[in-house]
Amino acid sequence: MGKAKPKICEICGATIRGPGHTIRVEGAELLVCDRCYEKYGRKKPGTFSVMPTGREPRRPYARPRPKPAPKPRTERPLYTEDIVEDYAERVYQAIQRSGKSYEELSHEIGLSMKDLKAIAHGYREPTIKEAKKLEKYFKITLIERVEEVPKEKATIPKDYEPTLGDIANIRIRKRKK
């Protein structure tokens, strides 16, 4: 009689010393060594994954969180905010009435001195955010609402037949010399 064939671990390929262990991996029974049994054999049957995670599986929350209700679709406002045309005059006069220097005002308002001077002398138009700061501090009006008239969508007549030019996007390439 010849020697008995050595048993080989079906996961790592190492020679099994002793009887070995049988574990279930995704429904299949495998003969594994002691080291693989330590890694993979202690898990519940049928829940094993070949890739070890090194941590306990997540437990689901006690109560599932309710899904937030969908937000109602809001239409765009029918107005826009624009800066008034004589903003420079209004800001300059407000600065003169306050009697403070540009440096003091820039600290109190929250704008740089350079921006404040540029707006007051009309070199630069303020952003909506800057205009709101100036309005709040000086109690002047710099922002006006402009009403937008909703445009009706262009409709295609029922008897319209499209031509090739309506459908195709034609690109003309220049020839190389």
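C36 counts as buried, at 4% relative accessibility. Buried means under 20% relative accessible area, exposed over 50%, and partly exposed in between, with a 1.4 Å probe and protein chains only. This is a predicted model, where local features need pLDDT of at least 70 and side-chain atom pairs count only at pLDDT 80 or more, while totals for chains, interfaces and linings use all residues. Residues are numbered from 1 along each chain as its sequence is written, and side-chain values use heavy atoms, with hydrogens and water left out.

Stay with the cysteines. How many disulfides does the structure hold? It holds 0, where a disulfide is a pair of cysteine sulfur atoms within 2.5 Å. C12 is in no disulfide, and its nearest cysteine sulfur, that of C36, is 3.6 Å away. C12 is partly exposed, with a relative accessible area of 37%. For C36, the closest cysteine sulfur is in C9, at 3.6 Å, which is too far for a bond.

Now the cores. A nonpolar core is a set of buried Ala, Val, Leu, Ile, Met, Phe, Trp, Tyr and Cys residues joined through side-chain atoms within 4.5 Å. The largest one has 20 residues, and V91, I95, L116, L134, F138 and L142 touch the most other members. Which element gives the most to this core? That is α2, with 5 residues. Helices here are DSSP runs of H or I, at least four residues, numbered from the N terminus.

Take F138. Leaving out residues up to four places away in sequence, F138 touches A94, I95, S98, L105 and I109; contact means heavy atoms within 4.5 Å. A second, separate core of 9 residues includes I16, L30, V32 and C36.

Technical notes:
Helices (H or I, at least four residues) and strands (E, at least two) are DSSP runs, numbered from the N terminus.
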